[in-house]
Amino acid sequence: DARRQWEHRTWGLRKDEDWNTAVTNREIAQWSNGPQDRARAAARLGGMGARAGVESALTLGTTVLQDPDPAVRLAAAAALAEPGVCTDPGAMALSECALQDGEPAVREQAALSLGRLGEGVPFRLKALVTVLGGDVDWEVRVAAATALGQCGGSDRPAVEALRRAQRDGHPEVRGAAAAGLRRLGRLEGWGSDAIPGAYGFVR
């Protein structure tokens with residue numbers, strides 16, 4: 001009927017609009033001469049979520065995450081954590097970024113983003129464990145501890161890394177490690193059945 005035809009046409013227009021928007025922002029994020037424009041375009045791609053498409057996720061995880069400007073890399077790392085954006089290559093790029101980026105703020109954001117990716121990304125745990133145990137910047141270690149508390153589950157290396165971090169030289173890292181263990185119900189002396197609302201205890 002006429003209504004169904006109208007809905008079909010408008011849905012097609014919405015899809016075309018999303019595609020055009022994603023293409024435009026991908027081009028700006030990669031090729032604009034202004035780092036602020038590139039960072040804003042990366043953020044807009046993240047805000048589109050799954051509507052940005054797989055190619056946008058690949059662009060964020062490769063080209064934009066390698067941008068010479070740290071503000072652009074930080075925006076790409078944050079965008080990859082948005083629901084529906086990240087793919088396996090993007091998660092791998094985030095892991096490498098958390099381990100290797102020369103700017104502490106970018107490593108911090110990459111670690112936090114890894115914690116938000118949900119289930120089924122096993123290789124990120126290894127990266128977060130490495131960051132928590134070895135990054136020279138305490139704020140990055142805090143981010144890794146927070147992320148492990150979000151995604152570590154029952155993974156033994158993650159739990160052991162958080163327990164080791166309770167002996168970290170910085171109090172903020174020790175606190176984040178304890179919070180992560182509480183979130184997982186694995187803080188020594190506590191069981192998940194002993195913590196009221198164990199998995200929602202620390203937000």
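Tutor: In sequence order, the chain reads α-α-α-α-α-α-α-α-α-α. That comes to 10 helices and 0 strands. Note that this is a predicted model. The chain has 203 residues, and buried residues make up 45% of them. Its accessible surface is about 10,900 Å², and carbon and sulfur atoms hold 52% of that. Take the contacts with a separation of 6 or more: 53% of them join residues 24 or more positions apart.

Start with α7 and α8. Two packed helices are described by the angle between their axes and the distance between the axes. Helix α7 covers residues 123–134, and helix α8 covers residues 138–151. Their axes come within 8 Å and cross at roughly 145°. The crossing is left-handed. On the α7 side, the contact uses Arg124, Leu125, Leu128, Val129, Val131 and Leu132. On the α8 side, it uses Val140, Arg141, Ala144, Ala145, Ala147, Leu148 and Cys151. By class, this contact of α7 with α8 has 11 nonpolar residues, 2 charged residues and no polar ones.

Now look at one residue in that contact. Leu128 lies in α7. Its relative accessibility is 0%, so Leu128 counts as buried. Beyond residues up to four places away in sequence, Leu128 touches Ala144, Ala147, Leu148 and Cys151, along with Ala111 and Leu114. Ala144, Ala147, Leu148 and Cys151 belong to the α8 side of the contact.

Next comes the pair α9 and α10. Helix α9 spans residues 156–165, and helix α10 spans residues 171–184. The axes of α9 and α10 come within 8 Å and cross at roughly 145°. This crossing, too, is left-handed. From α9, Val159, Leu162, Arg163 and Ala165 take part. From α10, the partners are Val173, Arg174, Ala177, Gly180, Leu181 and Leu184. By class, the contact of α9 with α10 has 7 nonpolar, 1 polar and 2 charged residues.

How do the two pairs relate? Follow Val173, which is in α10. Val173 is buried, because its relative accessible area of 0% is under 20%. Leaving aside neighbours within four places in sequence, Val173 is in contact with Leu132, Trp138, Arg141, Val142, Ala165 and Asp168. Among these, Leu132 is on the α7 side of the α7 and α8 contact, and Arg141 is on the α8 side. Ala165 sits in the α9 side of the α9 and α10 contact. Val173 and Arg141 are 32 residues apart along the chain, yet their C-alpha atoms are separated by 6.3 Å.

Pro157 is in α9. Its relative accessibility is 44%, so Pro157 counts as partly exposed. Pro157 and Leu125 are 32 residues apart in sequence and 8.3 Å apart in space, C-alpha to C-alpha.

Then the core. In soluble globular proteins, nonpolar side chains tend to be buried together. Here the largest nonpolar core has 51 residues. Leu60, Leu65, Leu94, Leu128, Leu132, Leu148 and Leu162 touch the most other members. Helix α8 gives the most to this core, with 8 residues.

Apart from residues up to four places away in sequence, Leu65 touches Leu60, Arg73, Ala76, Ala77, Leu80, Ala93, Leu94 and Cys97. Arg73 is worth a stop. Arg73 lies in helix α4, residues 70–79. Arg73 is buried, because its relative accessible area of 11% is under 20%. With residues up to four places away in sequence not counted, Arg73 touches Val64, Leu65, Gln66, Asp67, Pro68, Asp101, Glu103 and Val106.

Finish at Thr59, in helix α3, residues 54–61. Thr59 is buried too, with a relative accessible area of 8%. Neighbours within four places in sequence aside, Thr59 is in contact with Arg26, Gln30 and Val64. Val64 is also touched by Arg73.

Methods. Residues are numbered from 1 along each chain as its sequence is written. This is a predicted model: local features need pLDDT of at least 70, side-chain atom pairs count only at pLDDT 80 or more; totals for chains, interfaces and linings use all residues. Side-chain values use heavy atoms; hydrogens and water are left out. Axes are lines fitted to C-alpha atoms, for helices over the stretch in contact, and angles run from 0 to 180 degrees between N-to-C directions. Helices (H or I, at least four residues) and strands (E, at least two) are DSSP runs, numbered from the N terminus. A crossing is left-handed if the near helix is turned anticlockwise from the far one by less than a right angle, and right-handed if clockwise. Contact means heavy atoms within 4.5 Å. Ala, Val, Leu, Ile, Met, Phe, Trp, Tyr, Cys and Pro count as nonpolar, Asp, Glu, Lys and Arg as charged, and the others, Gly among them, as polar. Buried means under 20% relative accessible area, exposed over 50%, partly exposed in between (1.4 Å probe, protein chains only). A nonpolar core is a set of buried Ala, Val, Leu, Ile, Met, Phe, Trp, Tyr and Cys residues joined through side-chain atoms within 4.5 Å. Accessible areas come from the Shrake-Rupley method with a 1.4 Å probe; for residues, only the protein chains shown count as cover.
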